[in-house]
Amino acid sequence: MSEQRHRVEPLTMGRGQPLLAVRDLKKYYPVTSGILGRHVGDVKAVDGVSFDLYEGETLAVVGESGCGKSSMAETVIGLRDTTDGEVYFRGEDITDHLDSDVRRDVQMIFQDPFSTLNERMTVGRIVAEPLVIHGEHRTDREAYVRELLDTVGLDADQYYNAFPHELSGGQRQRVGIARALALNPDLLIADEPSSALDVSIQAQILELLEDLQDEFGLTYLIITHDMSVVRQVADRVAVMYLGKIVELGEVGTVFDDPQHPYTEALLSSIPRVTTQPGEDDRITLEGSPPDPSNPPTGCNFHPRCHLKAECSPEEQDRCETEEPPLRAIGGDRQVACHWRPRGE
Amino acid sequence: MTRDDPSAASPLLSVRDLTTRFYTDAGVVSAVDGISYDLAAGDTLGIVGESGSGKSVSVRSIVGLIEEPGRIDAGTVHWKGTDLVGASDRDLRAIRGAEIGMVFQNAQAAFDPTYTVGEQLIEAVRAHRDLSKAAAREEAQALLEEVGIPNAAQNLDNYPHEYSGGMAQRAMIAMALAGEPELLIADEPTTGLDVSIQAQIIELFRRLVEEREMALILISHDLGVVSQVCERFLVMYAGRIAERGSREQLLTDPKHPYTQLFLESIPDVDTVDDLASIPGTPPNLLEPPSGCRFHPRCPKADRGLCDVDPPPEIDFEAGHAASCYVYTDDYDGPAEDVPTPEADR
């Protein structure tokens, strides 16, 4: 097992060494058939994903259900074995073998704080648990945990001895965040951190995550389906469709001028709060995402693509047969479409 | 008290002082506390609120779907002149699914997994109309086509689990339409669906309301969804109506401090904005706050006024009203110790 550190070639020139580098990551789930469990195919949940994550930034991975965003995060953090590809943390290859040191540096927050908190443990014990697991014996453990609770906006006197069922959804998410912070990590991977919460509480949690980033210089990888959340908290965004990144770039430019037709349609589909409904020119995505065990040929998105109608038969043929690579289109921006950026 | 649009001559639905409580082992939950509103034929009403606001319980109370330990303790629900509170189960069943159709969040769970969608749809059609099996099948197919299900003839013979989430939601809407309802009640119909599918379902509601000229009550925590479909809004907080008005009135000139903060807390996908968060958490309805139920979280609360009696409903323009002391002569401004979003973070 080679553990030596080496320089990972960054995807973008001139940005220096990324904190986390993911290269051509693949996660396939075998599809078996019959009593013998014959291997008849694969669900390609993650199919060749590459990106860099820089210290102190927030990268959001956005996409609809089944696009592979959660599988990707779980594979990166080592909760699932990779099928292929590499994951580097501070230049060290951590693919499928997160050692104890890296495990401390990379922590995860989940969507549903209700299911991730042990109902029979007090809040104080839940937050202290990572310290116990990692054998960190500090004499001031209780004081440290109380300080963590205070950091995430929970009154330690009131909640240290409370049980999860006594807490609201927002308070439980705060406990989940306090626990993730206990080992003083560098990178937090958050899978739908605010999706189960009411909007007024969601705003509190997003604000807390931003405050913590400022205070501790944390780096975030946020997995979400919610484009509005991405706009508010992320620096860069990767849009996933059927196991692949189809567009990546700085949030403002991607949202204001989406290049990939899927990004464009996704942004257009969001129901805005409006006094004049139906007056906006919306791009409606027809149909449902295809079955990832039997993806379309060529460009994954071609059966639902609104650009295709504008293409000539020869161009359409290319969409159906040739997979467009994710390619740089200037700066940090990448897009996987034969016909974009516009006017090329 | 205003009764919404004063021009509505005889409303289809008229709810007065509806009060629903749940008698749990832990105590009495005051889920809906004296709400009143009217709905005219063809109206589209959105009920907006966060979890625990009573928006679902309020419509379940209308159609008699409150189960033990819940009870309607007070109020009336007049449907075309007949009070449904205290009506027999038989009468309620006859109205539900016929005159009033219902759609819920989890469409897959609304179907019996052991029968095909067609069998269930045909049964629903025949329950309300005296049709032969063949005619009912044709009608069922027409309903699936109306809600935009492709290959309706084949899909009739598929089982619910063979439907995707968006298709199942469409099929449940078809079920709700089988009795040719005058009112469709949809409770979080797009929650849990992907945004592309959600947009399709919103489009479908808009088309159905227009083509069928039926009234719609749409319940959602998502103001974006409601604003895309409904012309009138009720904002609920902790079992009471905080504010009512047209879409235009509520979105451009919200009066209740809760409505104002709620609007500001919604993240905008088109710009980065400073999100307001509402301090604190929604109240425990086992022991609801005294006075205005929002007062413990309200930046404008006047101690000694807002925490004593429930606020009166103050009328603004036609149909626009908010239950808030701020607009009364007794109001002296916020107390010193009111919560601020910053203090709570």
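Predicted model: local features only at pLDDT ≥ 70, side-chain atom pairs only at ≥ 80, totals over all residues.
Which residue follows α8(B), and is its phi positive or negative?

1. Start with helix α8 of chain B, residues 195-212. Its 18 residues reach 25 Å from the first C-alpha to the last, close to the 26 Å expected at 1.5 Å a residue. The residue that follows α8(B) is Glu213(B), and its phi is positive, near 50 degrees.

2. Now for some backbone details worth a look. Most residues other than glycine have a negative phi, and most peptide bonds are trans. Asp17(B), in strand β1 (residues 13-24) of chain B, has a positive phi of about 50 degrees although it is not a glycine. Asp17(B) counts as exposed because it has 12 C-beta neighbours inside 10 Å.

3. Ala238(B) also has a positive phi, about 50 degrees, and is not a glycine. You will find Ala238(B) in the loop between β9 (232-237) and β10 (240-246) of chain B. Ala238(B) is buried, because 25 other C-beta atoms lie within 10 Å.

4. Finally, two cis peptide bonds. In chain B, one joins Glu68(B) and Pro69(B), with omega about 0 degrees; Pro69(B) sits in the loop between α1 (55-62) and β4 (70-79). In chain A, the bond from Arg340(A) to Pro341(A) is cis, with omega near 10 degrees, and Pro341(A) lies in the segment after β12 (334-335).

Conventions:
Residues numbered from 1 in each chain as written. Chains lettered and ligands numbered in written order. Helix = DSSP H or I, 4+ residues; strand = E, 2+ residues; numbered from the N terminus. Expected span 1.5 Å × (residues − 1). Buried ≥ 20, exposed ≤ 12 C-beta atoms within 10 Å, placed from the backbone.
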